[in-house]
Amino acid sequence: MKQYSFQGLLGGFLVGLAVVGSGCDSQRTATEGANPTAPSAEATVPISFQKEVAQDDYRFSVQTTGTGTSRTLSLTAVKDSRELFKTSVPIEGQVSDAVATNLNDDKYPELFVFVAGAGSGSYGRLVGYEFMNQGHRPLNLPELSGPAAAGYMGHDEFRVEGRQLLRSFPVYRPDDPNSTPSGGIRTVTYTMEPGMALSVIGFNDAPAQAQ
């Protein structure tokens, strides 16, 4: 029959306690270091413009996100419940309006998105597309030049009337301060022939209204 000394039994008991205590400390440390309730969802980007427009069987969705100088413009085109086009592009400034039309009176509609640029001039810009059965093509405003550009310093407003795109802006005389144009309002008229780009067909000046 084996004989065990008291010192040997006591030593084994103390070693066992040390092992068990070490395991409990390790488990407690791992649990305390985790934070399962910490938020992980990203902040939602605010929608600053949203509009849906239609022309014949085409439906267009226009949206911008962000509220600062730089924003993201998202466009979607659908025909007969079939998505034709989807894109997101950065823009400087903000969208003032979106219009679906058919300036050249063919079977392919156009989508015009009017952008007021950042800064004190709010220079106007067009993001435009013509949509066809198998694709789309971009449409751009021709650069203002010659007499139509004289006195131009931004603050554009756009609208569609019939088969024409109209662009109006105040005319500045040489000594006018930024806040007070005195040259009246100029309206530039654009048209588009089938398969062609936008082109200027003329402009007219209206006198400044008396204050």
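Four strands, in the order E5-E6-E7-E8, form an open sheet with antiparallel pairing. Strands here are DSSP runs (E, at least two residues), numbered from the N terminus. Two strands pair if DSSP finds at least two bridges between them. In general, strands of a sheet pair through backbone hydrogen bonds, either parallel or antiparallel.

This is a predicted model: local features need pLDDT of at least 70, side-chain atom pairs count only at pLDDT 80 or more, and totals for chains, interfaces and linings use all residues. Residues are numbered from 1 along each chain as its sequence is written, and side-chain values use heavy atoms, with hydrogens and water left out.

Back to the sheet E5-E6-E7-E8. Its edge strands are E5 (94-101) and E8 (135-139), and each pairs on one side only. Neighbouring strands of this sheet are turned by 20° against each other on average, direction ignored. Such angles are taken between axes, which are lines fitted to C-alpha atoms; they run from 0 to 180 degrees between N-to-C directions.

Now look inside. Strand E6 covers residues 110-116, and strand E7 covers residues 124-132. The two run antiparallel, and 7 bridges join them. Find Val113: its bridge partner in E7 is Val127.

Move along to a second sheet. Four strands form it, in the order E9-E10-E11-E12. This sheet is open too, and its pairing is antiparallel. Strands E9 (157-161) and E12 (199-206) are the edges, each pairing on one side only. Here neighbouring strands are turned by 25° against each other on average, direction ignored.

Start at the E9 edge. E9 pairs with strand E10 (residues 164-170) in the antiparallel sense, over 5 bridges. For Phe158, the bridge partner in E10 is Arg167.
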